[in-house]
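Let's take a friendly walk through one protein model.

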Amino acid sequence: MDAIAILRELKSRGVRFTPQRQAILEFLLETKAHPTAEEIFQHVRAKFPGVSLGTIYNTLNMLKEHGHILELSYGDMSSRFDGNAKNHYHLVCLKCGRVLDYDRPLLALEEEVGRETGFQVMSHRLEFYGLCPDCQEQALN
Ligand SMILES: [Zn+2]
Ligand SMILES: [Zn+2]
């Protein structure tokens, strides 16, 4: 869904949209960087100097509740946010903290798990941890 479709859908559910909230949504839809709330704040503040961190968190929670974004939490590190709400996978660099997408659909695995265990699988989460190509290069130098 693009920003306009999401805005329209939320408006029909009575969610009020300010230009700041719209900027948060648009940034999340265009970036592949999986930013933290702080990074979203810095980005949106460049355009809307009056925006508060509270507005960022409220908007992120609202978008998450309506299923339009994903929150990726990593233990003690701050959460990252993803404008792609479809189930997909992430590669997490243990050195620089970068989070990259891995888009191959593995949903057949859910059916397989269900078949083999009798468990009714509703979702799953899979992450790959390691070193990104940049960090591997640095390690060699
Ligand atoms: Zn890295
Ligand atoms: Zn992602």
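A crossing is left-handed if the near helix is turned anticlockwise from the far one by less than a right angle, and right-handed if clockwise. By that rule, helices H2 and H4 cross in a right-handed way. Helices here are DSSP runs of H or I with at least four residues, strands are runs of E with at least two, and both are numbered from the N terminus.

This is a predicted model, in which local features need pLDDT of at least 70, side-chain atom pairs count only at pLDDT 80 or more, and totals for chains, interfaces and linings use all residues. Residues are numbered from 1 along each chain as its sequence is written, while chains are lettered from A and ligands numbered from 1 in the order in which they are written.

The protein has six helices and five strands, and along the sequence they follow the pattern α-α-α-α-β-β-β-β-α-β-α.

Back to our pair: the axes of H2 and H4 come within 10 Å and cross at roughly 60°. Axes are lines fitted to C-alpha atoms, for helices over the stretch in contact, and angles run from 0 to 180 degrees between N-to-C directions. The angle makes H2 oblique to H4 (under 35 degrees is roughly parallel, over 145 roughly antiparallel, 65 to 115 roughly perpendicular, the rest oblique).

Which residues meet? Here they are, with contact meaning C-beta atoms, placed from the backbone, within 7 Å.

| Helix | Range | Residues in the contact |
|---|---|---|
| H2 | residues 19-30 | Gln20, Arg21, Ile24, Leu25 |
| H4 | residues 53-65 | Thr55, Ile56, Thr59, Leu63 |

Definitions and conventions
Contact = placed C-beta atoms within 7 Å.
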